[in-house]
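Subject: The two-chain model, with notes

Hi there,

Here is the structure I promised to pass on.

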Amino acid sequence: MKKQFLKAGWLGLLAAGILTHAAWGQSDPTGKRRVTSTYAITNATVITSPGQPGSKATVVFKDGVILGVGSGIQIPKEAKVFAGDSLFIYPGFIDGAGNMGITKPKDPERPKDFVSSNPPDEIAGITPWRSATEQFSASSSQVDDWRKAGFTISQVIPDGGMLPGKAAIMVLGAGNATNLIQINSGLAANFRGSRGMYPATAAGVMAKFRDVYQNSTLALEHEKMYASTAGVKRPQVTPTQQGMAAVVQKQIPVIFTAPSDLEIRRAIALQKEFGFKLILSGLENYETVIDLIKSTGTPVLIKLQVPDDKAVKAQKSEGVTEDTKAQYARVKEAYENALKQAAMLEKAGIAFAFTTIDAKAGDAMKTIQTLVKNGLSEKAALAALTSNPASILGISRVAGTIEKGKMANLVITTDSLFKEDSQIKHVVADGFVFDFEVKKKAANGNGKTDGAPAGSVEGVWEYTSETPAGSSGGEIVLKRTNGVLSGTISYDDPAGSGKVTSPIKNASVNGKTLSFEFDVNAGGLSLTVSITGEINGNSMEGSLSVPQMGSFPVKATLSSPSLSN
Amino acid sequence: MNKLNYLLAAFVGLGLSVAQAQTPKGSVLIKNATVLTVTKGNLENSDVLVQDGVIKQIGKNIAAPSGVQTIDATGKFLMPGIIDAHSHVALDVVNEASSPITSEVRMKDVVNPFEIGIYRALAGGVTISHAMHGSANVVGGQNATLKHRWGAKDPADIIMQDAPRTIKFALGENPTRVHGRGNGIQPRTRMGVEAVLRNGFSEALQYKKAWETYNAAKAQKGNTVTPPVYNERLQTLADILDGKIIIHCHSYRADEIYMLINVAKDFNIKKLVFQHTNEGFKVAPEIAEYTMGASVFADWWAYKMEVYYSTAFNAAILQRNGAITSINSDSAELIRHLYHEAAKTQRYGGLTDDEALAMITINPAKQLGIDDKVGSIEVGKQADLVIFESHPLSSYAVPQMTFVDGVKYFDIKSDKDDQRQLVAATEMVEPIFLRANEEAHRCMQDVDAYFEAFQGAFLEEKH
């Protein structure tokens, strides 16, 4: 693994060389060379840090560093310019502790004289000398998934036993770079014992932790004596003790995985005994220890997931006894409380962050939205994704907000981040721009930036839609003026009989997908209805969605002019 | 007690109340009960006044100080909280079975205050349990003495902080099976068990010496003595040799019991209690003379070869030979009716009421080193109390209320169907079947992995 990492490092250097020495005049055989490393996103709604109201601004970055944010920023002539008019820009998300892109190293072979009561450290999962950099690959699909979810930095944790090794802070930029921000940023630890050998249980792990810690302290003492006094026997520092040195000297934190309240108490108890720096990670059930977290000032990384709702959903409403109903109620209460925990942390004034370990990248925003629905403020949610982890990891100088001089790590969304329909369209990590397909159903763009050839959707479309109230339909008229798509739509008057017509807004074509919105006045209530459909020749199929009512199938055909003409 | 001792006691008491400031202390006046003090006889129609968790007054016609709740116990029996000297309730881990000596392991690290077993024990009148490491190792981990303050969320709040340290030892089939037959290392026989003990204590002496040498040298100028390797395993054994820890040793056979007595004599160890001790009746005078006694089952044996030679008269024989004797549960089920278990010593051995009740109160308190604080109803002791309907040694006895430090944690009248503190958000609610849990005894919990390679070679029995 180490060799691969070195190789990746070389590749990274090579790639960097190509990028910065465009004057070489050589062709790029990989075809991956960027035309420019300078970008400008103009006139987007930029939220520079949690709690800031978004304001229209232009963001310019070069070689992975933000050159400027604001209005009236000069755009360098070599910059690739994106029109950001309809887009929202947030600081790139930071994962407080993750295992994306980590491959567990092979277990070493057991020696012939192996005794399970006294196994070598390496076999017993005590490998503090290892580094996550040796196990990490930036080109892993997990890294792609998390980047797609908005994550631009992860503190990756090595895989292993009770002391698997040192974490490293990685930027999730191009797969062929080293991506390292900080090596040895913390020592990973957990209460997991080794199977069938010492230490096998949480009780054994705690005892062994004390042993390792104390002897690492003594080894340093011995080394100091050896350096200053003649006649002292040669110190024989083990790799474990060497790997622990930065921890016992309080230079780096121990990142203890402690999902439950009891494990949190155990980690804090060890911290109190020895006084090392501590970060708690992987928190799941912590309602009962919020005061303790607060009073000890321990930084916490909570899991970016909510409990499985399978048990709650499996509860039957009929044919169960009162006893069972009472049990159901307790499970339901526990489930609801679990969703409120993050909000409780916020209320207690704890600047928590997230860990992506055990979480699904695809569910990340849904999880955040669930936490927000359960009382977490949007400001605190954004802080937990950006400025809080930057501060916990000690990288606030370069990450966590959108500021001149910080790393170009951005999340660019189609709408305000916390809106349900909002989607991540681009992620900028280390100054590299990653584009993601935006799902059809979301309306986006303003007709200016869509890439479809003008005229392909212009004309009169006859449509029908199926709703529970029955089938209805009308005409959609689309035309393009100065590249901007606009038009009207007619439909059955919800207030009476006959047809009414509304203007179309936010119309755009993205590939084969047409989407637009229009406002309907239904008895004094104004609803924004959106239609998204896929165009195939003269016909379109898609859905019509009405807020709070759901989406319904819609079909349309182009009646004039016909494309086949 | 002379004046100096009084002063000292007051001082120590004060220190303790500061240290334990966080655990709840209650005040209550229990009126007109038949008070079974255990150590000072029975008092008819008497009152017990508790203030701030401590028994303040025992007598007749005591008036309740303002703000103190009165409980009418007319026709009911009041006894000291029951103490179980052998339990594994409220532990997340029982066995760190991976080494023949694991004295560095602490059960206090893995106490789980949410376990429902605590509440069930309270419903059986048990206020203190000795949460022990399992019996897989010759020297197991250090135990925790728990006070059943149900509802506490911090494990520290149910650990009896003023109880002395205790440690688990185990002789015979369990350690020889796990380490000898299971793993191919010493001990494979009872001789090996003794060797592990003697080697361990001898190493502990050397360890202690090494640190004494280093500590004496390190302050001197030009010192070249380097710090020895830290080893909490040996340090704990050294603490045993220094009398700081009470040994509680899992044992069955008379020969192994006598062996440990001899080892203890050789290393000048005085604080020793035998657990299970089914053949204790054969060496009762020796146990009485040299140790802090035996903690036994009332009538439970024949679950493996070394536990065949047993008798229900064991407790009575030990008691009448002058050994401190207690009856324990080692079980989340038996712990709920230890008063019945104690009553069996009257059927088998004809012990008096006080002798039988002492088996589950003051005697286990002595074996845990807490008899100056709990185990009887005396002025100045911690107010761990149980109110019974019927005499506790009667077949009809039913605990009504259980107090720890004067705080009521169980009341049969407000006993809800679901007393769990914690329910998992992901719990699938399944139909409940009433049947005995065959795995209730946890002496050999967490040991399964050691047997996997040897399946079939061993009996399933795990006690």
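A salt bridge here is a side-chain nitrogen of Lys or Arg within 4 Å of a carboxyl oxygen of Asp or Glu. By this rule there are 46 salt bridges over all chains. One of them is the pair Arg330(A) and Asp418(B), whose closest N and O atoms are 3.2 Å apart. This pair joins two chains, because Arg330(A) sits in helix α8 of chain A and Asp418(B) in the segment after β17 of chain B. As a reminder, side chains of opposite charge can pair when their charged atoms come close.

Some housekeeping before the rest. This is a predicted model, in which local features need pLDDT of at least 70 and side-chain atom pairs count only at pLDDT 80 or more, while totals for chains, interfaces and linings use all residues. Residues are numbered from 1 along each chain as its sequence is written, chains are lettered from A and ligands numbered from 1 in the order in which they are written, and side-chain values use heavy atoms, with hydrogens and water left out.

**Where the chains meet**

How many residues of each chain take part? Contact (heavy atoms within 4.5 Å) involves 49 residues of chain A and 54 residues of chain B. Together the chains bury about 3700 Å², with 60% of it on carbon and sulfur atoms. Buried area means the accessible area (1.4 Å probe) that two parts lose on being put together, summed over both.

Between chain A and chain B the count is 5 salt bridges. There are also 14 residue pairs in polar contact, both residues being at pLDDT 80 or more. A polar contact is a pair of N or O atoms within 3.5 Å; within protein, one must be able to donate a hydrogen and the other to accept it, and residues adjacent in sequence count only if both atoms are side-chain atoms.

On the side of chain A that touches chain B, at least two residues each come from α3 (202-228), α5 (261-274), α7 (310-313) and α8 (322-347) of chain A. The largest share belongs to α3(A), with 13 residues. Helices (H or I, at least four residues) and strands (E, at least two) are DSSP runs, numbered from the N terminus. By class, this side of chain A has 23 nonpolar, 13 polar and 13 charged residues. For those classes, Ala, Val, Leu, Ile, Met, Phe, Trp, Tyr, Cys and Pro count as nonpolar, Asp, Glu, Lys and Arg as charged, and the others, Gly among them, as polar.

**The two domains of chain B**

The domain assignment of chain B gives domain 1 (23-80 + 375-420) and domain 2 (82-373); such bounds come from an automatic or database domain assignment. The C-alpha centres of these two domains of chain B lie 29 Å apart. Domain 1 brings 32 residues to the contact and domain 2 brings 34 residues. Between them the domains bury about 2600 Å², 62% of it on carbon and sulfur atoms. Val38(B), Leu393(B) and Tyr409(B) supply 25% of the area that domain 1 buries against domain 2, more than any other three residues.

The count between these domains is 3 salt bridges, and 12 residue pairs are in polar contact across their interface. On the side of domain 1 that touches domain 2, the elements giving two or more residues are β5 (77-80), β15 (385-389), β16 (398-404) and β17 (407-411) of chain B. Of these, β16(B) gives the most, with 4 residues.

**Backbone details**

Most residues other than glycine have a negative phi, and most peptide bonds are trans. Here are some exceptions:

- Tyr198(A) and Pro199(A) are joined by a cis peptide bond, with omega about -5 degrees; Pro199(A) is in the loop between β9 (180-190) and α3 of chain A.
- The peptide bond from Gln186(B) to Pro187(B) is cis, with omega near 5 degrees.
- Asp430(A) has a positive phi, near 60 degrees, and lies in the loop between β15 (424-429) and β16 (432-435) of chain A.

**From the record**

The UniProt annotation "coiled-coil region" (unreviewed entry) covers residues 321-348 of chain A. UniProt positions are given in the numbering used here, feature names are shortened, and annotations may be inferred rather than shown by experiment. In the model, residues 321-348 of chain A are 93% helix and 0% strand.

Best wishes
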